[in-house]
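Here are some notes for a first look at this model. Please read them with the structure open beside you.

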Amino acid sequence: MAVETVQLFYGLLAVLAWVLIATLALVRLVAVASEGGRAAWDGLADLISGNALGLAWFVAVLATAGSLYFSEVANYVPCTLCWYQRIAMYPIVVVLAVGAARRDTAAAVYAVALAGVGAVLALYHSALEWFPVLDSGACSATTPCTLVWFRALGVFSLPNLALTAFALILVILLIRIRHPDHRSDP
């Protein structure tokens with residue numbers, strides 16, 4: 001499979017993720033103002049909450065597979081901030097898999113902590129790509145954090161894709177934490 005095809009695939013997934021995040025945010029805002037909106041939100045939150053660990057795990061697996069593909073197949077050398085984002089993302093796969101297998105919904109809390117750290121790192125890294133003047137010298141000269149390997153759909157670079165995955169994981173798991181579906185609890 002061509003690298004450009006994989007870039008496009010992940011770019012399209014990112015668009016889908018942001019549309020989902022925006023839709024959930026809009027429904028939540030409407031829920032504050034109306035009874036119908038509240039009922040819609042409760043239905044969505046119940047649906048997501050009951051499957052949250054699996055959904056978030058799937059997002060983390062896709063993000064991990066993408067990072068490995070781009071470094072090992074496309075030969076994009078990860079910078080220091082890329083490695084830190086990987087350190088946050090890769091354990092999420094394991095934490096959520098174990099949590100889902102054991103039906104331990106407390107795994108959501110641990111994964112939220114990792115995703116929160118990863119999101120902050122990815123946000124900073126994304127800002128560095130757009131505004132290299134923000135670089136504080138955290139990365140090496142041989143693999144600078146300001147290097148943009150690609151921009152899928154003209155927007156999504158590697159740290160943007162990571163930020164998208166972390167944001168979607170956070171939204172899914174925060175819904176689980178704030179709106180538990182007691183039918184799926186052990």
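1. **α1 against α6.** The model is predicted. Start with helix α1, residues 3-33, and helix α6, residues 158-178. Their axes come within 10 Å and cross at roughly 35°. The crossing of α1 and α6 is left-handed.

2. **Who meets whom in that pair.** From α1 come Tyr10, Gly11, Ala14, Ala17, Trp18, Leu20, Ile21 and Leu24. From α6 come Leu161, Thr164, Ala167, Leu168, Val171 and Ile175. Sorted by class, the contact of α1 with α6 has twelve nonpolar residues, two polar and no charged.

3. **α1 as a helix.** Does the length of α1 agree or disagree with its residue count? It agrees, because 31 residues at 1.5 Å a residue should span 45 Å, and the end C-alpha atoms of α1 are 46 Å apart. The buried residues of α1 are Val3, Val6, Gln7, Tyr10, Gly11, Ala14, Ala17, Ile21, Leu24, Val27 and Ala31. Their cover includes α2 (35-50), α3 (52-73) and α6. Tyr10, Gly11 and Ala14 are among the buried residues of α1, and these three also take part in the contact with α6.

4. **α4 against α6.** Helix α4 covers residues 80-101. The axes of α4 and α6 come within 11 Å and cross at roughly 35°. This crossing is left-handed. On the α4 side, the contact is made by Gln85, Ala88, Met89, Ile92 and Leu96. On the α6 side, the residues are Pro159, Ala162, Ala165, Phe166, Ile169 and Leu173. By class, the contact of α4 with α6 counts ten nonpolar residues, one polar and no charged.

5. **α4 as a helix.** The span of α4 also agrees with its residue count, because 22 residues at 1.5 Å a residue should give 32 Å, and its end C-alpha atoms are 33 Å apart. Which residues of α4 are buried? They are Leu81, Cys82, Gln85, Arg86, Ala88, Met89, Ile92, Val93, Leu96 and Gly99. What covers them includes α3, α5 and α6.

6. **Gly37 in α2.** Gly37 is found in helix α2. Is Gly37 buried or exposed? Gly37 counts as buried, because its relative accessibility is 7% and the cut-off for buried is under 20%. Beyond its neighbours within four places in sequence, Gly37 is in contact with Val27, Val30 and Ala31. Gly37 and Leu26 are eleven residues apart in sequence. In space, their C-alpha atoms are 9.6 Å apart.

7. **Asp42 in α2.** Asp42 also has its place in helix α2. Asp42 is partly exposed, with a relative accessible area of 32%. Asp42 and Arg28 are 14 residues apart in sequence, and 9.2 Å apart in space from C-alpha to C-alpha.

8. **His179 after α6.** His179 lies in the segment after α6. What does His179 touch, not counting residues up to four places away in sequence? It touches Asp42, Ala45, Asp46 and Ser49. The side chains of His179 and Asp46 make a polar contact at 2.9 Å.

9. **Val109 in α5.** Val109 is found in helix α5, residues 107-130. Val109 counts as partly exposed, because its relative accessibility is 46%.

10. **Positive phi values to check by eye.** Most residues other than glycine have a negative phi. Asn75 has a positive phi of about 60° although it is not a glycine. Asn75 sits in the loop between α3 and α4. It is exposed, with a relative accessible area of 52%. Leu153, again not a glycine, has a positive phi of about 55°. Leu153 lies in the loop between α5 and α6. Leu153 counts as partly exposed, because its relative accessibility is 44%.

Terms used. Residues numbered from 1 in each chain as written. Predicted model: local features only at pLDDT ≥ 70, side-chain atom pairs only at ≥ 80, totals over all residues. Heavy atoms only, no water. Axes fitted to C-alpha atoms, helices over the stretch in contact; angles between N-to-C directions. Helix = DSSP H or I, 4+ residues; strand = E, 2+ residues; numbered from the N terminus. Left-handed = near helix turned anticlockwise from the far one by under 90°. Contact = heavy atoms within 4.5 Å. Nonpolar A, V, L, I, M, F, W, Y, C, P; charged D, E, K, R; others polar. Buried < 20%, exposed > 50% of the residue type's maximum accessible area, 1.4 Å probe, protein only. Expected span 1.5 Å × (residues − 1). Polar contact = N/O pair within 3.5 Å; in protein donor to acceptor, adjacent residues only side chain to side chain.
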